[in-house]
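Visitor: I have a structure open and would like to go through it with you. Could we start with the overall layout and then turn to individual residues?

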Amino acid sequence: MANSGLQLLGFALAFIGWIGIIASTALPQWRTSSYAGENIVTAQAVYEGLWMSCVSQSTGQVQCKVYDSMLQLHSTLQATRALMVIGILLGSLAILIASAGMKCTTCFGEDKAMKGKVATIGGVMFLISGLTTLIATAWYGNRIVQEFYDPFTPVNSRYEFGQALFIGWAAAALAILGGAFLCCSCTKGSGGSYSGRSYPRSQAAPSAAKNYV
């Protein structure tokens, strides 16, 4: 029963993390304009994402523009795009596979060993999805830090971490934690299912020999 609860908790955390990965990928606030330094224009805020850049005026008006060509983008942005999309796809497959291996579902009937293996595969895929997202967000964040402290970067062109970046870090942590819980619960469940069947047989053999004598 405890393993079932741990399995449900792991699946719930990983599912929330997958939702966070999608939200982080779609949001445009991956980096926002910095107001550090002198002579900074605060009448508008500029923030950029993986798919578009937006300008927010002090009046509340927001204008966004989708990037024209992918080939003109920085290599870091292209790699981050690819890693985030891979993380979403892996998370989608992990949800389907882990759902089939959950103890609360009827897939694979009473074959507990097979259900445990399937759920473990789903947990590993959640782990890979979380690691992929973590690498993408850390890589993008490292680029922001390098450009911020680069002396050749104009003060008005410096950016800081955006909200989508923090959402991506939190989502990656939830996906990794949920995948680890899934793997641990399935390992415990599969180990305990074999321990209770061998003892009655080993104890029955000596008794049968005594009756024969």
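Predicted model: local features only at pLDDT ≥ 70, side-chain atom pairs only at ≥ 80, totals over all residues.

Visitor: How many helices and strands does the chain have?
Guide: The chain has five helices and five strands. Read from the N terminus, the order of elements is α-β-β-β-β-α-α-β-α-α.

Visitor: What share of the residues in the chain is buried?
Guide: Of the 213 residues in the chain, 35% are buried.

Visitor: And of the contacts between residues at least 6 apart in sequence, what share joins residues at least 24 apart?
Guide: That share is 66%.

Visitor: On to helix packing. At what angle do the axes of H2 and H3 cross?
Guide: Helix H2, residues 75-101, and helix H3, residues 112-148, cross at roughly 160°, and their axes come within 8 Å. Angles over 145 degrees count as roughly antiparallel, so H2 is described as roughly antiparallel to H3.

Visitor: Is the crossing left-handed or right-handed?
Guide: The crossing of H2 and H3 is left-handed.

Visitor: Which classes of residue make up that contact?
Guide: The contact of H2 with H3 comprises 22 nonpolar residues, ten polar ones and two charged ones.

Visitor: Staying with H3, is Thr133 buried or exposed?
Guide: Thr133, which belongs to helix H3, has a relative accessible area of 0% and is therefore buried. Beyond its neighbours within four places in sequence, Thr133 is in contact with Ile21, Met84, Gly87, Gly168 and Ala172.

Visitor: Now another threonine. Where does Thr25 lie?
Guide: Thr25 lies in helix H1, which spans residues 2-26. Its relative accessibility is 5%, so Thr25 counts as buried.

Visitor: Which backbone oxygen does its side chain reach?
Guide: The side chain of Thr25 reaches the backbone oxygen of Ile21, at 2.8 Å.

Visitor: Which residues is Thr25 in contact with, leaving aside neighbours within four places in sequence?
Guide: Those residues are Trp30, Leu50, Trp51, Met84 and Ile88. Met84 is also among the contacts of Thr133.

How values were computed
Residues numbered from 1 in each chain as written. Heavy atoms only, no water. Helix = DSSP H or I, 4+ residues; strand = E, 2+ residues; numbered from the N terminus. Buried < 20%, exposed > 50% of the residue type's maximum accessible area, 1.4 Å probe, protein only. Polar contact = N/O pair within 3.5 Å; in protein donor to acceptor, adjacent residues only side chain to side chain. Contact = heavy atoms within 4.5 Å. Axes fitted to C-alpha atoms, helices over the stretch in contact; angles between N-to-C directions. Parallel < 35°, antiparallel > 145°, perpendicular 65-115°, else oblique. Left-handed = near helix turned anticlockwise from the far one by under 90°. Nonpolar A, V, L, I, M, F, W, Y, C, P; charged D, E, K, R; others polar.
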